[in-house]
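Please load the model in your viewer and keep the selection tool at hand. The stops below follow the chain through helices and loops.

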Amino acid sequence: MTAPKPATPGPAPTPAPLTVDELVAQERRLTVRRFTNDDAWALGSMLVEMGYLRQAPVAIDIRRGTQQLFHCALPGSSADNDAWIDRKRRVVERYGESSFLVGARHRAKGTTFEESSRLDPDLYAAHGGSFPISVAGVGVVGTVTVSGLPQAEDHAMVVEALERFIAT
């Protein structure tokens with residue numbers, strides 16, 4: 001497969017900081033009607049295209065339950081990004097909320113996830129980039145994760161892709 005060439009190179013604008021309430025509203029809004037293997041391919045391909053257009057050195061991972069349905073490592077990403085994906089994904093699987101929201105909830109209480117969760121930081125990271133895939137009437141069925149950018153940008157990239165995916 002030949003990688004798409006960037007049409008308009010350069011990074012996406014830095015996202016504005018979001019409150020806990022805004023992050024909760026995002027998750028409520030970003031619910032899909034169904035999530036099949038083909039849907040994982042479509043969402044993953046959308047993220048790959050976004051990554052190439054932005055020259056983003058990211059790794060992308062999509063899972064339904066424990067099954068990995070999509071994974072891609074773009075130029076400039078590394079095995080460290082895969083480790084971050086696993087750590088952020090575990091947070092979503094445990095809490096049922098985006099890794100960014102879980103971290104924001106702790107910061108809003110004046111603490112950090114690492115200090116107050118009592119979870120092994122080698123296994124869990126409440127940093128932005130992993131988002132629950134929620135099916136209407138069912139709940140969380142999987143995760144979509146991006147790693148390689150600052151955490152707010154990883155999160156924003158996933159949110160943008162989900163918004164586009166839902167609109168199609």
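**A pair of helices**

Helices α1 and α6 are roughly parallel to each other, a term that covers angles under 35 degrees. This is a predicted model, in which local features need pLDDT of at least 70 and side-chain atom pairs count only at pLDDT 80 or more, while totals for chains, interfaces and linings use all residues. Residues are numbered from 1 along each chain as its sequence is written, and side-chain values use heavy atoms, with hydrogens and water left out.

Select residues 20-29 for α1 and residues 151-167 for α6, which pack at an angle of about 30° with their axes 11 Å apart. Then show Leu 23, Gln 26 and Arg 29 of α1 together with His 155, Val 159, Glu 163 and Ile 166 of α6, which make the contact (heavy atoms within 4.5 Å).

**Helix α2**

Next select residues 37-54, the 18 residues of α2, which reach 26 Å from the first C-alpha to the last, close to the 26 Å expected at 1.5 Å a residue (the expected span being 1.5 Å times one less than the number of residues). Its buried residues include Asp 39, Leu 43, Leu 47, Met 50 and Arg 54, where buried means under 20% relative accessible area with a 1.4 Å probe and protein chains only. Among the elements covering the buried residues of α2 are β2 (59-64), β3 (67-73) and β5 (139-147), as well as α6.

**Two loop residues**

Move on to Gln 55, in the loop between α2 and β2, which has a positive phi of about 55° although it is not a glycine. Finally, select Arg 118, in the loop between α5 (113-116) and β4 (130-135), where phi is positive at about 65° although the residue is not a glycine.

Terms used:
Axes are lines fitted to C-alpha atoms, for helices over the stretch in contact, and angles run from 0 to 180 degrees between N-to-C directions. Helices (H or I, at least four residues) and strands (E, at least two) are DSSP runs, numbered from the N terminus. Angles under 35 degrees count as roughly parallel, over 145 as roughly antiparallel, 65 to 115 as roughly perpendicular and the rest as oblique. Buried means under 20% relative accessible area, exposed over 50%, partly exposed in between (1.4 Å probe, protein chains only).
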